[in-house]
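How do the chains of this model meet, and through which residues? The report below takes up that topic.

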There are 2 protein chains.
Amino acid sequence: MAKSKKSSKNASTTSPEAPAPRGFPLANDWKGDVRDFDPRATPGFSGKKAEGREFLLARDAELDELQERLYAAHHGAADGRSVLLIVQGMDTSGKGGIMRHVVGSVDPQGVEITAFKAPTAEEKEHDFLWRIRPHAPAPGTIGVFDRSQYEDVLIHRVHGWADAKEIRARYTAINAFERELAAAGTTVVKVMLHVSHEEQGERLMERLERPDKHWKYNPGDVDEREHWDDYMDAYTRALRATSTVGAPWHVVPADRKWYARIAVQQLLIDALREIDPQWPAADFDIDEQVGRLRATME
Amino acid sequence: MAKSKKSSKNASTTSPEAPAPRGFPLANDWKGDVRDFDPRATPGFSGKKAEGREFLLARDAELDELQERLYAAHHGAADGRSVLLIVQGMDTSGKGGIMRHVVGSVDPQGVEITAFKAPTAEEKEHDFLWRIRPHAPAPGTIGVFDRSQYEDVLIHRVHGWADAKEIRARYTAINAFERELAAAGTTVVKVMLHVSHEEQGERLMERLERPDKHWKYNPGDVDEREHWDDYMDAYTRALRATSTVGAPWHVVPADRKWYARIAVQQLLIDALREIDPQWPAADFDIDEQVGRLRATME
């Protein structure tokens, strides 16, 4: 914490004590519409891009220490705590940037990122949670899902691959799964990166214009884009049905990439602060070990 | 590349064009002894700690771009290229710092780190390579082993858990495995972090003195330390037997953590430069896609 204070130069916008950006957390009885949130907003943060970038770097040290404490205190313990960050969003909403610039700043030894792509033939033979469960985070670690079980109530609803009754059954299964995770000591942080239709168009165009971005472009992205309103409907319904007391959704405005990153970083810091992991006490006699070690040093 | 140039201020020591640190690469007919290498040396680098740290950061951009190119060009391809970095070293030699400060600087989506601890009961029922094989890197990715198959010819020799004949059979199996990897398109980079007995003593003492480091201390570390000479013998024999044309060992002096990090970073950069991955050409008609996308933007 001392470190992050030191590197922040402008107390009014970048101090870790400033109102912290969090995205829009949804109550468990939320009945709104994701379209009511402004994708260009920067709730809780009064700075601009440059300050936002500085803020992100200034908080790295705190996130890093909290993660190391979590690992030190909880890994290997049968009932240890962990964090699961679930990131959903339309194509180009910045999921990769979150992995790289937020998750990527913590020690990779304590983090497992899983990217859930279109399911394989084998995965399709099983219940939709079958491929998800093995990636629940181990005690002491941070698990990160780049897309998740929510694909099965989003793209599946939009394309009619599952009917309304089946989608409702999946909401129920997801809520039960997330209650299970919470009971096992996992703090579940769910984020929808909320990008606007206009901004997505600009970002896809950039992928077409730059040869070093062509590999990220898929003609199917435009097909999905043509279902934009259906997706916003599907997100709205899914978030209403699965924003629970134990695992609320956060709608994070994502038209400004720098803002989305500091908001998600803040959500991770909040989750870890709430766990408040402490350095574990030595389970050996320190003086005895110092003596043994000294004897090997002549 | 332009980026890394920009951030280096002192051309004589920190320019990416300066003689690059690499550790001591071993020839495939090497007959030496690891004790002949000075753990405090900084081969190929004339700067001190501050310059070394700056050099590490200055090269991040190049490593990052090479990794992204590797991923873009090779992931998903049946015969795609990949890199496997194997890191071995005595306790406190800085394996964790390599994971954090070198591997941790690249996009975590393209990297899989596997830490091989003492084998489980199930793993012990199988051949020693059984638990290793599934972690060979997928095309387009960088795999990193924090300890590896080499534990089975190091600690096993030191404690006599395998006899000399069995150890020789394992060298043969390891060489065959690594030839297989190379044939599949994987560049294997093997690093021994070479720390001195004296420096290890200091580092273990620090773990005993700082409450936030107690969790990293294990009384068994002193037991192993008492076998130091046996370990240096075991490393010498293993490196002689498994430094091959396709997968040579590098002895990286590790008493100065900052040096070991820039040396390993350089080895990764070298491996990727040799693969020389290129941004893949678009597999769609760009003008057609621009037209389709424009139509969705009004």
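## Salt bridges across the interface

In this predicted model, 10 salt bridges cross the interface of chain A and chain B. One of them joins the side chains of A:Asp64 and B:Arg100, with N to O at 2.6 Å. Side chains of opposite charge can pair when their charged atoms come close.

Polar contacts were counted as well. Chain A and chain B share 14 residue pairs in polar contact, both residues at pLDDT 80 or more. On chain A, the side that touches chain B draws two or more residues from each of these elements: helix H3 (49-74), helix H4 (95-101), helix H8 (197-209), helix H9 (219-225) and helix H12 (286-295). By class, that side of chain A has 21 nonpolar, nine polar and 14 charged residues.

## Buried area

The size of an interface is often given as the accessible area lost when the parts come together. Here chain A and chain B bury about 4100 Å² between them. Carbon and sulfur atoms account for 64% of that area. A:Arg100, A:Trp215 and A:Leu293 supply 17% of the area that chain A buries against chain B.

The contact takes 44 residues from chain A and 44 residues from chain B.

## Symmetry of the two copies

Two copies of a chain are related by a rotation about an axis and a shift along it. For chain A and chain B, the superposing rotation is 180°, with 0.0 Å of shift along its axis and an RMSD of 0.0 Å. The two copies are thus related as by a two-fold rotation axis.

Which surface does each copy use? Of the interface residues of chain A, 100% are also interface residues in chain B, so the copies meet through the same surface.

## Within chain A

Over all chains, the count comes to 44 salt bridges. Among them is a pair inside chain A: A:Glu65 with A:Arg69, the closest N and O atoms being 2.8 Å apart. Both residues, A:Glu65 and A:Arg69, lie in helix H3 of chain A. They are four residues apart, about one turn of the helix.

UniProt, in an unreviewed entry, places the feature "domain: Polyphosphate kinase-2-related" at residues 50-276 of chain A. That span is 52% helix and 14% strand. The end C-alpha atoms of residues 50-276 lie 30 Å apart.

Key. Residues numbered from 1 in each chain as written. Chains lettered and ligands numbered in written order. Predicted model: local features only at pLDDT ≥ 70, side-chain atom pairs only at ≥ 80, totals over all residues. Heavy atoms only, no water. UniProt positions renumbered as here; feature names shortened; annotations may be inferred. Contact = heavy atoms within 4.5 Å. Buried area = accessible area lost by both parts, 1.4 Å probe. Salt bridge = Lys/Arg side-chain N within 4 Å of Asp/Glu carboxyl O. Polar contact = N/O pair within 3.5 Å; in protein donor to acceptor, adjacent residues only side chain to side chain. Nonpolar A, V, L, I, M, F, W, Y, C, P; charged D, E, K, R; others polar. Least-squares fit on C-alpha atoms with pLDDT ≥ 70 in both.
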